[in-house]
Amino acid sequence: MRESYRKSLTWLAVLVTGALVCAWAFPRAFPFFPANWQVSRVEAEKIALEELRRLGTLPDDPYVVAQMNDDAGLEVRLLQASRDGQAALVRDSAMEKRVLLWQVTVYAPGAQPRDWSYQAEIAFDGTVVALRKGFKATDASGVITDEEAIGRARALLLERGADPAQLAPPEVRNKDLDKRTDRAVRFADLPSPLSSRLRSGMEVTFAGDQLAGVGSFVEDVHPDEVTQLLQPIGLFGNIAFFSTFLVLPLVAPIFLKRYHEGELGVRRGLQILL
């Protein structure tokens, strides 16, 4: 009986120690994991559908997909900035919300995965990060000038509570397609120490003369550098996945030999495998 109590206390101590280690290590391993998680998948979907109606009429009987989406490149840059003593700037910039968020995509019935109708990004505290309306490259549309696009963008941002006067002067990026010209009007944040790595601000996009999206944007100043930093992670993931198939031919003959000799049954084999 005394030995049983000793084992129970030992395992209880291990359990408590493990819980304390997890509580200490998790925020250090994942510093940008949402601390103020208020919005579930279902709630994010409701918020997205309500907000997306501002861009147009949603499809009848839509197919809605809500899933978590992460930005590994942004996470790397924010970790670098925090390590360089810019943790306060990272918190004030609200870029942490973009590291992991809800992505809600709306499809018309029978649409292909690439032909989504609307898409929204919702932070875990309920903040609407971005709203987009999908257009095919072959869709035709009207024409507007850069000045008209800037005027409409200013009005829309003011309507949504963002003041363009507090941001840098607008930049217009054009993309010419066969039947229309797409425009992105960007109001970048004012320069800060983070600007050496990341550019951020507000963006309004147009497909021809039609509103195609509104929200915040973040872009890496040196994207090739981040790609090189993330390559080893992708390589390790591929190795971990394919290693199963590389080991299987080595293990299978041993398993089959013992199975045919009656030393190993199906049930025991499954227990070992799982």
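Visitor: Why is Ser-200 called buried?
Guide: This is a predicted model, and in it Ser-200 has a relative accessible area of 11%. Buried means under 20%, so Ser-200, at 11%, is called buried. Ser-200 is found in strand β7.

Visitor: What makes the pair of Ser-200 and Asp-189 a polar contact?
Guide: The two side chains come to 2.5 Å. The limit for a pair of N or O atoms is 3.5 Å, and the 2.5 Å of Ser-200 and Asp-189 is within it.

Visitor: Which side chain does Glu-203 meet in a polar contact?
Guide: The side chain of Arg-186, at 2.7 Å.

Visitor: How many salt bridges are there?
Guide: The count comes to 16. The rule asks for a side-chain nitrogen of Lys or Arg within 4 Å of a carboxyl oxygen of Asp or Glu.

Visitor: How do you know that Arg-77 and Glu-225 form a salt bridge?
Guide: Their closest N and O atoms are 3.0 Å apart, and the limit is 4 Å, so the pair of Arg-77 and Glu-225 qualifies. Arg-77 lies in helix α3 and Glu-225 in helix α6 (residues 223-260), so the bridge ties together parts that are 148 residues apart in sequence.

Visitor: What joins Asp-125 and Lys-97?
Guide: Their side chains meet in a salt bridge, 3.0 Å from N to O. Asp-125 lies in the loop between β3 and β4 (128-133), and Lys-97 in the loop between α4 (87-93) and β2, so this pair ties together parts that are 28 residues apart in sequence. Asp-125 is partly exposed at 25% relative accessible area, and Lys-97 is partly exposed at 32%.

Visitor: How does the span of helix α3 compare with what is expected?
Guide: Helix α3 (residues 72-83) has twelve residues and reaches 16 Å from its first C-alpha to its last, close to the 16 Å expected at 1.5 Å a residue. At its start, a side-chain oxygen of Asp-71 reaches to within 3.3 Å of the backbone nitrogen of Gly-73. Just after α3, Gly-85 takes a positive phi of about 85°.

Visitor: Which residues of α3 are buried?
Guide: Gly-73, Leu-74, Val-76, Arg-77, Leu-78, Gln-80 and Ala-81. Leu-79, also placed in helix α3, has 34% relative accessibility and counts as partly exposed.

Visitor: How far apart are Leu-79 and Phe-32?
Guide: They are 47 residues apart in sequence and 8.8 Å apart in space, C-alpha to C-alpha.

Visitor: Which residues have the most contacts inside the largest nonpolar core?
Guide: Leu-52, Val-185, Val-204 and Phe-206, in a core of 31 residues. Among the elements that give two or more residues to this core are α2 (41-52), β6 (181-188) and β7 (198-207). Helix α5 gives the most, with five residues.

Visitor: What makes up the nonpolar surface patch of about 510 Å²?
Guide: Leu-9, Leu-12, Leu-15, Val-16 and Leu-20. Val-16 is found in helix α1 (residues 2-29). Patch residues need over 30% relative accessible area; Val-16 has 43% and counts as partly exposed, so Val-16 passes that cut-off.

Methods: Residues are numbered from 1 along each chain as its sequence is written. This is a predicted model: local features need pLDDT of at least 70, side-chain atom pairs count only at pLDDT 80 or more; totals for chains, interfaces and linings use all residues. Side-chain values use heavy atoms; hydrogens and water are left out. Patches are made of residues with over 30% relative accessible area and no salt bridge: like charges are joined within 9 Å, nonpolar side chains (Val, Leu, Ile, Met, Phe, Trp, Tyr) within 5 Å. Accessible areas come from the Shrake-Rupley method with a 1.4 Å probe; for residues, only the protein chains shown count as cover. Helices (H or I, at least four residues) and strands (E, at least two) are DSSP runs, numbered from the N terminus. Buried means under 20% relative accessible area, exposed over 50%, partly exposed in between (1.4 Å probe, protein chains only). The expected span of a helix is 1.5 Å times one less than its number of residues. A polar contact is a pair of N or O atoms within 3.5 Å; within protein, one must be able to donate a hydrogen and the other to accept it, and residues adjacent in sequence count only if both atoms are side-chain atoms. A nonpolar core is a set of buried Ala, Val, Leu, Ile, Met, Phe, Trp, Tyr and Cys residues joined through side-chain atoms within 4.5 Å.
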